[in-house]
Amino acid sequence: MRAYNFCAGPAALPTAVLEKAQQELLDWHGKGLSIMEMSHRSKDYVAVAEKAEADLRKLMNIPENYKVLFLQGGASLQFSAIPLNLLGKNNKADYIHTGIWSEKALQEAQRYGDIHVVEAGTKIDGKLAITPQSQWNLSDDAAYVHYADNETIGGLQFAGIPETDKPLVSDFSSSILSAPLDVSKFGLIYAGAQKNIGPAGLTLVIIREDLLDQAKPEIPSLLKYSAQAKNDSMVNTPSTYAWYLSGLVFEWLLENGGVDAIHQVNLQKAQLLYGYIDSSDFYANPIAEANRSIMNVPFTLANPDLEKLFLKEAEENHLLNLAGHRSVGGMRASIYNAVPLEGVQALVNFMDDFAKRNG
Ligand SMILES: *Cc1c(COP(=O)(O)O)cnc(C)c1O
């Protein structure tokens, strides 16, 4: 049987998608070979790649003046690619710091340019929160403003999109496709696929065309957005299987009502889990309500000595990967698109039973 998987990444994939991939694994569409064994330049593969892009454009309503790139290296390689491509002549950028991922991004950018760090993490009544934008001092001359929409490890998410007249660059690794998004507000959106899209090995970059052509001359060709855009993300061999499988996930989302529909389910899941945690003295969540992530829900047990037992029993109940990130401890339930409402209900039932037996 398939367990409910709350892993932060690589994360759960829809069962229907895996079944389709399984069906097609040995003999893709009667061609006598696997999609993995095809040339990325073959007519069949190019059609798969193009359909994935078209479906993503439909799902996210991506305007025509944006390119969609299907790259490798994870979101972490984008921490380097973004400054190398976008710092431009004045070599300055603003980075909003809200947690571990935005910190990694800014540390990498500091190797290439003059990075102004805006500390935006704060505490409200003892809970972690993001300071209102009115308290940030953004620069007048930044080439772009970077932030991480959802801090996957902390479970801290922006309640809205920051306002700026500079190109806005955002890490959506753990929140892309979880809720409707106005892409036109951004210069660049990027996301590793292995949280809310598909398998590891693929990284999406959605970039406004006017930002394509300002890379530093010494940039590696594979990182150069204009080169990747010109070559349909095939400067070299792309991650063909991950691209194909992500395409199946996009089809699955479209068949199930698109981003609006999955957002409603995501809200129900988050309300169910946070609601239960808030009603319990046994569990707690450290994030202020307005900035709670709808995808990653960290929680602690009143008695940390019970953590090992909690994880062991959860696993016995087919509830997997609930340990928090190694840097913060505690628990974390990642409830991405592919985790169904029933999975969250099963988790809440288990948590309640565990609390009654151990409280
Ligand atoms: C997982 C994650 C990353 C790192 O992704 P890799 O693909 O492993 O490089 C970066 N940012 C956020 C917000 C993440 O959740």
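Residues are numbered from 1 along each chain as its sequence is written, and side-chain values use heavy atoms, with hydrogens and water left out. Because the model is predicted, local features need pLDDT of at least 70 and side-chain atom pairs count only at pLDDT 80 or more, while totals for chains, interfaces and linings use all residues.

The protein is divided into domain 1 (15-255) and domain 2 (257-358), with bounds that come from an automatic or database domain assignment. The C-alpha centres of domain 1 and domain 2 lie 26 Å apart. Across the boundary, 27 residues of domain 1 are in contact with 26 residues of domain 2, where contact means heavy atoms within 4.5 Å. Together the two domains bury about 2,200 Å², 55% of it on carbon and sulfur atoms; buried area is the accessible area (1.4 Å probe) that two parts lose on being put together, summed over both.

The ligand is surrounded by residues that include Phe79, Trp101, Asn150 and Gln194, each counted as near if one of its heavy atoms lies within 4 Å. This shell divides into three nonpolar, seven polar and two charged residues, where Ala, Val, Leu, Ile, Met, Phe, Trp, Tyr, Cys and Pro count as nonpolar, Asp, Glu, Lys and Arg as charged, and the others, Gly among them, as polar. Helix H3 (residues 74-86) gives the most to the shell, with four residues; helices (H or I, at least four residues) and strands (E, at least two) are DSSP runs, numbered from the N terminus.

Polar side-chain atoms of Ser76 and Lys195 each lie 2.6 Å from an oxygen atom of the ligand, whereas a polar side-chain atom of Asp171 lies 2.6 Å from a nitrogen atom of the ligand.

Two backbone features remain. The peptide bond from Gly9 to Pro10 is cis, with omega near -10°, and Pro10 sits in the loop between strand S1 (4-5) and helix H1 (15-24). Asn91, in the loop between H3 and strand S3 (92-97), has a positive phi of about 65° although it is not a glycine.

Technical notes: Polar contact = N/O pair within 3.5 Å; in protein donor to acceptor, adjacent residues only side chain to side chain.
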